[in-house]
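Here is a friendly walk through the structure below. Please keep the 3D view open as you read.

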Amino acid sequence: MPVIPLGSSRWSVFRQALMSPSKPGVLALADGSVFRGLAFGADATIAGECVFNTSMTGYQEILTDPSYFGQIVTMTAVQIGNYGLTPEDEESSGPKCAGFIVREVSPVVSNWRSRISLPDYLAKHGIPGLSEIDTRALTKKLRVDGAMKSCLSTLPISDEEAVARARAWRDMAGSDYVKDVTCREPYLWRADSAENFNAAYMPVGTTMNAPATPAIKFRVAAFDYGAKHTIFRKLVRHGFEVQVFPATATHEQIREHAPDAVFLSNGPGDPAALPYIHKTVTGLLPDFPIFGICLGHQMLTHALGGTTFKLKFGHRGGNQPVKNFETGKVSITAQNHGFATDPKSLDKTGAKVTEINLNDQTVEGLRHTTLPIFSVQYHPEAAPGPNDADPLFTDFYRMVEARKAGKV
Amino acid sequence: MPKRTDLKSILIIGAGPIVIGQACEFDYSGTQACKALKEEGYRVILVNSNPATIMTDPEFADVTYIEPLTLDMVEKIIAAEQPDALLPTLGGQTALNLSMELHKAGVLAKYGVEMIGAKPDAINKGEDRELFKQCMLRIGLDVAKSRTVKSLPEARDAAVQLGIFPLIIRPSFTLGGSGGGIAYNREEFELIVANGLDLSPVHEVLVEECLLGWKEFEMEVMRDHKDQCVVICSIENFDPMGVHTGDSITVAPAMTLTDKEYQVMRDASFAVIREIGVETGGSNIQFSVDPVTGRMVVIEMNPRVSRSSALASKATGFPIAKIAAKLAVGYALDELRNDITRVTPASFEPTIDYVVTKIPRFTFEKFTDADPTLTSAMKSVGEAMAIGRTFKESIQKCLRSLETGARGFGGGGKHGSDEPVDEKTINAKLGTPNAERIYFIRHAFRAGYTVERIFDLTKIDPWFLHQLREIYEMEQALAQHTLVTVSTADFRRAKQFGFSDAHLAHILASDLATVRAYRKQRGIATTYRLVDTCAAEFEAFTPYYYSSYGDENEILPPSGKKKIMILGGGPNRIGQGIEFDYCCVHASFALRELGYESVMVNSNPETVSTDYDTSDRLYFEPLTLEDVLEIYQQEKCDGAIVQFGGQTPLNLASALKANGVNIIGTSPESIELAEDRKLFAAILHKIGLSQPANRTALNETEALTFAHEVGFPVLLRPSFVLGGRGMFIVYSEDEFKAVIRQAFEVMPGKPVLIDKFLEDAIELDVDCISDGETSVIGGMLEHIEFAGVHSGDASMVMPPHTLSPDMLTTVRQATYELARELRVVGLMNVQFAIKDNHLYVLEVNPRASRTVPFVAKAIGVPLAKLAAKVMTGAKLKDLGFTREQTPKHWSVKEAVFPFVRFPGASIVLGPEMRSTGEVMGIDDDLGIAFAKAQAAAKPGLPVKGNVFLSVKDADKPRAVELARALVQLGFAIYSTSGTARTLADAGVPVKRLAKIAEGRPNTVDLIKNGQIQMVINTPGGMIPRRDENAIRTAAYAHNVCLMTTITGAFAAVEGITALKHKQVGIRPIQQYRGNVTLV
């Protein structure tokens, strides 16, 4: 990421002419509706599934979350780009979504940590962006009609062509997106690497929530289905040595590594379209404490014999209330998923639903009744979003600890 | 856990009179709380001394006491009502402090009353700066380096220790941070510390590291008994640290925090509310962030609902006070529903897809000698809020919502002038925070300043400055065009940037009507969007709208019912406040009762009228012709009510009517008739009523000639203003020359009215309702002060206490004739003066007056509601209100003033209104009722001690009588030269004191030392002498009872006599109902 030397030109301005802006862009949906706006970022025409995210902060984390692979993300919050981007807040190497839609992109960056502006960042990574769109009207459409096949173009193409490109896009359902975002080879997540930003962000002078580092480090084999880096950062902070494996790693390869536990990461796309992963996880079930997040939770569902289904427009945002039946308490969680576990399918799997989303009662967490296995649909690592569910990483550590002590 | 069943009855303490730092927001929160608890079946006992509140309407609580908010009165209420619990967190700082007093005095323990929501320990930790700081450090949060000191030497020590100026000085336990300040040098430091120690009730100030120029944020947090916490709203201050948040322009949501920074702030907020121990309810936590290093410090927390939480509720649609009340009785957040989406629970965090801006409204023009610099002590009297899809739209809407004449960020007029401004002025206006700073940012752009340079002067975040820069550049680009040459796309963009039609008319050298017609012709229509708590993720069922320019219009289809629009009063200001909101809310209730759909339009976030369930449809919009007309037309309203929102809607009435709006009730022509001197004089002549000799002058020369014609003293006043702005009583040509220009400047281009001033006349306010056939007087209020004190500032007694039955009959006849002549349908207020047993008409206002809620409380009849019904065509005889009802009890109104906020301002009652609020004292005994009103207005009448008495020459004869009465009551009299001599000559024992210039100890010293219990000081001339003002200022600052009129002082004597000989009882207003004599 290029560094803007702060101070030389304190605030560069990025924007098209205020009057009669010259560079239009378009979003077309498969149902034929067309939204015209202004282009920013890269010059490109792309197609993907159009979804909306209601987070008011965290566009950088959203852009770089591999779970958005193949998707065109619309932010419902209106002022986007205000604080620029910083390498510390990357969730993977660069943006992963196909396109980005905002109501208004900031003409200037204002934050002491910022190193690059949003338009420059997207342009550099070849991602087209669209601003001056009535994102509320678009969001309502997606809410009513469901997430939709769409085309976003910052090139001079006609409305008709854009609609045709949207319709021609192969649907997400049934496609393996994980293969595009998983790592190629296993690697050790370097806890001592400065580039991995393993220390939690904390302003100077504030020492709140400083975690007590556990005495023993456990080895966790973490599947990377398109993992957000903060998950690895949090595992490190909670006492794990993290060996990352590609999605295609077999259960034998995992056993070879002899981990203390297995972690299943988040990732993009249709969870039902990944039979090879279901099989690998099934193979690991009896022998390892397992913790899954998001797609990892859905992989566990399938590995246990359950099924998943597509939600109409998914849950994407940082304000989702999740009730935990075991504690009786509600956490505000960060979510990003378009599919969910079918609770009825869990009946004979040995797993029970431990958490639900209070907005629509969908499954948010499950736990195996006999094995040391649990998973959540939401994102306890936050990034972006609330840290309320951070204790799950401690729960995972305790579970592994108990297992090692022969208590489970 | 569901609600607690061990509690049956709950006491709620209101916030008392409107003062700076505590405005209608606590009527909004208290009303919500009362409704929420009643809905749950609890017996709600309410005490509040402010009659102009919706919460004190008899149906909102089971038992409502309009009694002084003092320890002994509330103890009496607790003894009588035996509540199980006290909810201390919904009545602002007043209720919180009083609750702590009740706790410390052992009253709560004695009667077994449990404090719910926040326990005394938590309140103490939240309020005591030193304890709070320790708590923050314990949980790993950073705070500004500081030291609490109790003396000047200690303070000097602390300054040395902290090392570097500027330093902030904050007195402990003062409302809205009053008495604090920023010291840039040692000299200033000594002054502010000394003043702060003086003002703090515990003589303690905090000396603190100055975070001037840092970014400032607020988090509105809620917690339930299961320890579930949510953030309702984050707010970023446009004005950086150094300006009280109540005086800052603020924006929601926070604009310049990354997710990492935001989440740390969120976690910190939860850590704070947990550590302080607020068990359930809402808290407001303020943070400051160093823009260079990101260092984050906690500034303070309010362990209660606040002005910011009212703003957050309106900004998000999440009703914080209502939910706080339910959490206090045992509900958990997940057991409560989000009213707006209906299907989702209250345990979530609102997300918003628009930008909300709040701008405070100031009234420095009423306190001309006061320092208009904005500091850490709050000075604003109200605020406007606006919602736009973007910050640019939001702030431009908010600027026009302020009703200070701005059409946006520019656009001509006083604040948007295109005249060049010199650098020196710009630098001064940018470098020191002040109410006009934002307008000077535009002048700076015009003068070629870069964003960098403006940032260096103001420390306003560059993000905000760039947004304003874009508005400015758009204005410049548009200025190259005419209405005809600007493209439709650019026109739409300009509207999306928040440019009003009036603003565009100025830039494009056109006029409002043409721009509007042209815009319509080009198909650029306003679209209305919903405030739905969830950024459209779920369907919303509450029609709460703001306007924008987008693709989609979310106005609900018509329901088939007839729709009536109610125009609210906009931001609070002196002269136009909660009383008018009260009337608007009643209008809405009345219309709904009659089966109409009520459509509320208002821009004031503090109010009950902008609660989403007050009206069928709510539009949070500026009250300008463009904005109102657009709603009226799109909603296809059947009529509009303009007579309830004060001057704001009245100013729009004619233009609305000209644009086809059906104004219901009294016609705009009648309203103007009452303002037109000639026509009005003709009416008076026709019905045989007299008015003081008067003239209408169009210029200063003419004015002087007329003044001589009617003869001094004369009353000068500009036309078309509320609250007596620019009104003067002048006794001589010299005085006249000193002020005449100001009178003309208030409403440029409008004439100034010159009346013969009736000295020592009794003034009478009469509120009347008429349906066009029947007119009924609601109430007659006799002023305690002689005519010349603005009716908003005067103490009043209802029913009249000195007038003869014959005179009252004359008044009635006159009132009814006026109502008939003006064809009043709705409310009418008449001000009469009686001199030498002759009745004069001073003023007639065919609209709701400030006294309507007071009268309604006094007679137990919802006058405003009846008036709204009458305006739709209902008849009083069908509504069962056909005869005037004279209460058998006494009701006294007393005004409350903000002088303590404006050191240096002259403390004197006059024809220009300067009070911010009012209280009511009710009793069977007039003396007690007056004493109650005094106690409610604080500090209350003394029953023993020393009185300082110094009066103007004209009052000297009566001063003797007064002093004798006081001596007889056991008081010792202190005085200075003139008055002392008069008293001594008359044989009244008096202790002579030095005048301030004559040496020490002087009167001010005695006041500061607590040796004077009452000050009676009647001002000599129009401009008070320096000495006098120093004495009055000291009295105000040290809570010493102050009387500035001789009649007020005599009323005080009656009150003190009553206090000494009678019991002060309490009685709920529900028991006063029907306690009337039919006239």
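## The nonpolar core

The largest nonpolar core holds 492 residues, and the members that touch the most others are Ala222(A), Ala640(B), Ile641(B) and Ala864(B). Such a core is a set of buried Ala, Val, Leu, Ile, Met, Phe, Trp, Tyr and Cys residues joined through C-beta atoms within 7 Å. A residue is buried if 20 or more other C-beta atoms lie within 10 Å of its own, exposed if 12 or fewer, and partly exposed in between, with C-beta atoms placed from the backbone. Helix α20 of chain B (residues 578-593) gives this core its largest share, ten residues. Helices (H or I, at least four residues) and strands (E, at least two) are DSSP runs, numbered from the N terminus.

Please bear in mind that this is a predicted model: local features need pLDDT of at least 70, side-chain atom pairs count only at pLDDT 80 or more, and totals for chains, interfaces and linings use all residues. Residues are numbered from 1 along each chain as its sequence is written, while chains are lettered from A and ligands numbered from 1 in the order in which they are written.

Leaving aside neighbours within four places in sequence, the contacts of Ile641(B) include Ile564(B), Leu567(B), Ala587(B) and Met871(B). Two residues are in contact if their C-beta atoms, placed from the backbone, lie within 7 Å.

## Where the chains meet

Chain A brings 57 residues to the contact and chain B brings 60 residues. On the side of chain A that touches chain B, α3(A) provides the largest share, six residues.

## A four-stranded sheet

In chain B, four strands form an open antiparallel sheet in the order β24-β27-β25-β26. Strands pair if DSSP finds at least two bridges between them. The edge strands, each pairing on one side only, are β24(B) (694-697) and β26(B) (728-730).

Three bridges join β25(B) (residues 714-718) to the antiparallel β26(B), where Ile729(B) is the bridge partner of Leu715(B).

## An enclosed helix

Helix α31(B) (residues 926-937) has twelve residues and reaches 16 Å from its first C-alpha to its last, close to the 16 Å expected at 1.5 Å a residue. That expected span is 1.5 Å times one less than the number of residues. Eleven of the twelve residues of α31(B) are buried, so this helix is largely enclosed by the rest of the structure. Its buried residues pack against β34 (890-896), β35 (917-923), β40 (1041-1043) and α36 (1046-1061) of chain B. After α31(B) comes Lys938(B), with a positive phi near 65°.
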